[in-house]
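Hi there,

Here's the structure I said I'd pass on to you. Have a look at it first, and then read my notes below.

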Amino acid sequence: MVDTDRIARDAPSPPPRRRGRGGKSVEVWAWVVGVCLATGTASYFMFVEPPPPRRIVIAGGGREGAYFAFANEYARELSKDGLAVEVRETAGSLENLRLLRDDDSGVSVAIVQSGTAGPDDADELRALGSLYREPLWVFHRADREVATLRGLAGMRIGIGAEGSGTRPVARRMLAANGLADAGGSAKDSPTRFVAREAGAAAEALRHGELDAAFFVAAFEAEYVQDLLNDPRTKLLDFKQQEAYRRRFRFLAPVTLPRGIVDLGEDLPPRDVALLAPAAMLVVRGDFHPALQSALLAAAYRIHGGGDVLNEPREFPSERYCDIPVSEDARRFHRSGRPWLQRILPFWLASLADRAKLMLIPVVMLMMPLFRAAPPLIRWRTRRKIYRWYGALRDVDQKLAAGPSGPELDRATARLRSIEHKVVWVDVPLSYMEEFYQLRMHLAMMMRRLDEFRGDGGRGESEAAES
């Protein structure tokens, strides 16, 4: 009668599904790299500063003013770096500073006139640099002889609208000439200070409603050009220019060249000495360093070409700022845009710049892991071979004890199953010596089983009894 159970037990099992050679090695290296990446990622979010925001709000000025126009140019330039920029219309520099100090305003960048900041602003805000000179124009009626600001005593003087940058500069200069007290009010009753928006003040001056007016505006401003070409008004020549510059460090000396307004009419008929505050790019103290670089790069593109009163590449500059310049901005002015931002898109450069802080910790972590990987791979490969020796040892010990017939059958079937599985063990060629040693030891143990079955186990039993 055929022993079907024994045939089924002794029949070779189907070959196991083979894995690609080196699959285990890939797993080990994948674990090593995975641990490094996980640790580096966790450390990155724990210790590295957050990424820069994708949206910023810039406070400009009045819709018709230069600040608002330049703020929109910044918005266009920064959009190339993937930033969404909102330009907010304001009354001028004083409101811009107030919005920067207000945590709930959402404003993080503003164009501000130098000479308008207070002591608290220097503590809370940082300048990225001056952008261009913005001349202080003091026009008076042509029928009045005025040689210095002191000569404006007893007149109706336009000093700028509330919130504008013209107002604090005008009051400081009038106070230095004895025309205003510490609070900015007129000292003598005949002198009157009138708060009017620039365009309205220029119109009032031309029609005799004001005797003089202060303006801080670009040379190209329409109302400035109108006053320069109007015979009813005259521009004050600051003959004490150097004294003002030394006393008010935020002011820069500027000369309006003869004929620059109209060469044919020779306007002005002589060089005119002027003083100029600077337009500054100001940010909150917690403004992201990467965005500072992006803003300054845009500033160099917008203002680097110069204009009638500013030489090419003279601005942006660290000079003429009465708010401390940030350290990141100082590095930019000295060395230019960071190297990563020159070769990579802004967001990728920002990510890489922040990630470099983790380079040393990650390298220190990876070194022992990479050193441990080759011994671990060797151990896993050799384990595929040496794990079968436990079964061989178990069969050898049973032979020494003199097994019965059924035990011999079970040992034989076990070794045949092991032999079949070992055939499909996938190991690198460098481990073939250990692999064939295992095959040789399996064959040797099978021969011992056959020999033991052939002599009925008598030799082993007698040897054991003796």
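Which residues does Leu-442 touch, not counting residues up to four places away in sequence? Leu-392, Leu-415, Ile-418, Glu-419 and Val-422 are the ones. Keep in mind as you click around that this is a predicted model.

Let's stay with Leu-442 for a bit. You'll find Leu-442 in helix α17, which covers residues 432-454. Its relative accessible area is 1%, so Leu-442 counts as buried, the cut-off being under 20%.

Now for the helix pairs. Two packed helices are described by the angle between their axes and the distance between the axes.

The pair to start with is α17 and α15 (residues 389-401). Their axes lie 11 Å apart, and the two helices pack at an angle of about 20°. That's why α15 and α17 are described as roughly parallel to each other. Their crossing is left-handed. From α15, the residues in this contact are Tyr-389, Leu-392, Val-395, Asp-396 and Leu-399. On the α17 side they meet a list of residues that includes Leu-438, His-441, Met-445 and our friend Leu-442. Sorted by class, the contact of α15 with α17 has nine nonpolar, two polar and two charged residues.

The other pair is α10 (residues 289-303) and α11 (residues 327-335). Here the axes come within 10 Å and cross at roughly 40°, which means α10 is oblique to α11. This crossing is right-handed. If you want to see the contact, pick out Pro-289, Gln-292, Ser-293, Leu-296, Ala-297 and Tyr-300 in α10, which meet Asp-328, Ala-329, Phe-332 and His-333 in α11. The contact of α10 with α11 splits into six nonpolar, three polar and one charged residues.

Zooming out, the chain has 18 helices and twelve strands. Of its 466 residues, 44% are buried. And if you take the contacts between residues at least 6 apart in sequence, 76% of them join residues at least 24 apart.

What about confidence? The chain's mean pLDDT is 83, with 82% of its residues at 70 or more. Two stretches to note: pLDDT stays under 50 over residues 18-22, where the model has eight contacts beyond four places in sequence. Over residues 457-466 pLDDT also stays under 50, and there the model has four such contacts.

Methods. Residues are numbered from 1 along each chain as its sequence is written. This is a predicted model: local features need pLDDT of at least 70, side-chain atom pairs count only at pLDDT 80 or more; totals for chains, interfaces and linings use all residues. Side-chain values use heavy atoms; hydrogens and water are left out. Helices (H or I, at least four residues) and strands (E, at least two) are DSSP runs, numbered from the N terminus. Buried means under 20% relative accessible area, exposed over 50%, partly exposed in between (1.4 Å probe, protein chains only). Contact means heavy atoms within 4.5 Å. Axes are lines fitted to C-alpha atoms, for helices over the stretch in contact, and angles run from 0 to 180 degrees between N-to-C directions. Angles under 35 degrees count as roughly parallel, over 145 as roughly antiparallel, 65 to 115 as roughly perpendicular and the rest as oblique. A crossing is left-handed if the near helix is turned anticlockwise from the far one by less than a right angle, and right-handed if clockwise. Ala, Val, Leu, Ile, Met, Phe, Trp, Tyr, Cys and Pro count as nonpolar, Asp, Glu, Lys and Arg as charged, and the others, Gly among them, as polar. pLDDT is the predictor's confidence in each residue, from 0 to 100.
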